[in-house]
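Subject: Structure for you to look at

Hello,

Here is the structure I said I would pass on. Please look through it when you have time; my notes follow.

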Amino acid sequence: MRFSSISPVRLMLLLTVSFALFAAPAGLFPKKSSSIDLHAIEEKVFEIVNMEREDAGLEPYEYHDILAELALYHSENMIEFDFFSHTDNKGMSPGQRKNKLFPEIIGGIGENIAYNYGASEDEIAENLMTQWMNSPGHKANILSTKYSHIGVGVAAVDKDGFTYYYATQNFGDLMGELLTISPSQPKYNDTAEFTFDFLGNFEKKRLTVFVSFPDKNAKYQMPDGSYYTGTGKMTLKWKGDKFSFTLKLDKGKGVYKIMMGKDGSFYPEGYEIKVK
């Protein structure tokens with residue numbers, strides 16, 4: 001049995017990773033059973049997570065299908081390429097995987113990984129959750145007040161006559177989901193409008209949106225006369241649970257990156273637009 005956790009990355013804060021190893025007694029791993037429903041394991045893990053949160057007096061996590069797809073991708077990848085790490089076979093972190101596979105979702109990502117065994121869906125899920133809850137780093141992710149969403153992905157591999165169930169939990173401090181860009185393929189000097197769904201579980205006024213510019217010397221002036229250099233804080237327009245901002249793309253040719261957070265901070269991973 002083996003597992004690891006990773007905490008969210010915030011600007012100017014350190015990324016922490018913890019590992020733990022367990023040796024399982026020989027003969028404890030049941031042979032592969034075609035009757036095991038991997039989706040049922042995922043559902044049971046999610047159920048136990050929110051039971052633990054309820055016991056701790058915390059709000060339940062909301063299940064997010066994209067986080068579940070991201071989690072399953074990593075579990076299957078660990079099996080296919082025979083590794084066990086938050087850094088995948090392409091050298092990507094959880095946040096980088098999210099950006100590559102689902103760039104429209106903006107926010108912070110945390111991750112727990114483990115592998116275990118069991119004779120039924122419930123037993124496998126309980127074994128995985130026992131591992132995570134017995135480890136301070138993993139338990140902290142499960143009982144975090146920073147995250148709002150979770151997705152779970154479980155994959156199985158038959159190795160040396162035994163079945164191992166690899167599981168990934170992806171946690172999200174999600175801010176927004178990009179809906180539209182107008183014009184859809186903006187060019188240099190265009191004024192583009194970006195529209196998002198709000199995904200946060202916090203007051204809307206706390207949302208912070210920054211855009212970094214290709215020209216690191218470009219100045220971005222705020223309504224009060226102050227300005228940023230190389231990066232700009234966007235002024236948001238709200239319509240229900242959707243928000244938008246406009247930006248003139250005259251601050252260099254290259255990559256403009258939209259980053260989101262709250263209370264003046266933001267996650268360094270974001271949505272990138274290449275402007276020619």
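Among contacts in the chain between residues at least 6 apart in sequence, what percentage join residues at least 24 apart? The figure is 66%. Please keep in mind that this is a predicted model.

Overall make-up

The chain has 276 residues, and 50% of them are buried. Five helices and 15 strands are found in it. Its accessible surface is about 13,400 Å², with 50% of that belonging to carbon and sulfur atoms.

Cores

The largest nonpolar core contains 29 residues. Within this core, the residues with the most contacts are F194, F196, V209, F245, L247 and I258. At least two residues of the core come from each of β6 (162-182), β7, β8 (207-212), β13, β14 (254-262) and β15 (271-275). Strand β7 gives the largest share, four residues. As for I258, its contacts beyond four places in sequence are I106, F194, F196, V209, F210, V211, F245, G270, Y271 and I273. Another core lies apart from this one; it has 22 residues, including Y61, I150, V152 and V154.

Strand pairing around β7

Strands β6 and β7 run antiparallel and are joined by six bridges. In this pairing, S182 is opposite E193 of β7. Strands β7 and β13 are also antiparallel, with seven bridges between them. Here F194 faces F245 of β13 as its opposite residue.

Aromatic pairs

Over the whole structure, the search gives 17 aromatic pairs. One of them is F194 with F245: the ring centres are 5.1 Å apart and the planes are at 25°, so this pair counts as stacked. F194 belongs to β7 (residues 191-198) and F245 to β13 (residues 242-248), so the pair ties together parts 51 residues apart in sequence. F194 and F245 are both buried.

Another is F198 with W238, whose ring centres are 5.4 Å apart; the planes are at 85°, so this pair is edge-to-face. F198 is in β7 and W238 in β12 (residues 237-239), so parts 40 residues apart in sequence are tied together by the pair. Are the two residues buried or partly exposed? F198 has a relative accessible area of 12% and is buried, whereas W238, at 32%, is partly exposed.

Ring pairs also connect F194, F196, F198, F202, W238, F243 and F245 into a cluster.

Charges over rings

Which ring lies under the charged end of K159? That ring belongs to Y164, and the charged end is 5.9 Å from the ring centre. Likewise, K251 is placed over the face of F213, 5.6 Å from the centre of the ring.

H64

H64 is in the loop between β3 (62-63) and α2 (65-80). With a relative accessible area of 12%, H64 is buried. Leaving out residues up to four places away in sequence, H64 touches I105, H149, I150, G151, L174 and L199. Of these, I150 is also one of the residues of the 22-residue core.

Regards

Definitions and conventions:
Residues are numbered from 1 along each chain as its sequence is written. This is a predicted model: local features need pLDDT of at least 70, side-chain atom pairs count only at pLDDT 80 or more; totals for chains, interfaces and linings use all residues. Side-chain values use heavy atoms; hydrogens and water are left out. Rings of Phe, Tyr and Trp (its six-membered ring) pair if their centres lie within 6.5 Å; planes under 30 degrees apart count as stacked, over 60 as edge-to-face and the rest as tilted. Buried means under 20% relative accessible area, exposed over 50%, partly exposed in between (1.4 Å probe, protein chains only). A charge sits over a ring if NZ of Lys or CZ of Arg is within 6 Å of the ring centre and within 35 degrees of the ring normal. Contact means heavy atoms within 4.5 Å. Accessible areas come from the Shrake-Rupley method with a 1.4 Å probe; for residues, only the protein chains shown count as cover. A nonpolar core is a set of buried Ala, Val, Leu, Ile, Met, Phe, Trp, Tyr and Cys residues joined through side-chain atoms within 4.5 Å. Two strands pair if DSSP finds at least two bridges between them.
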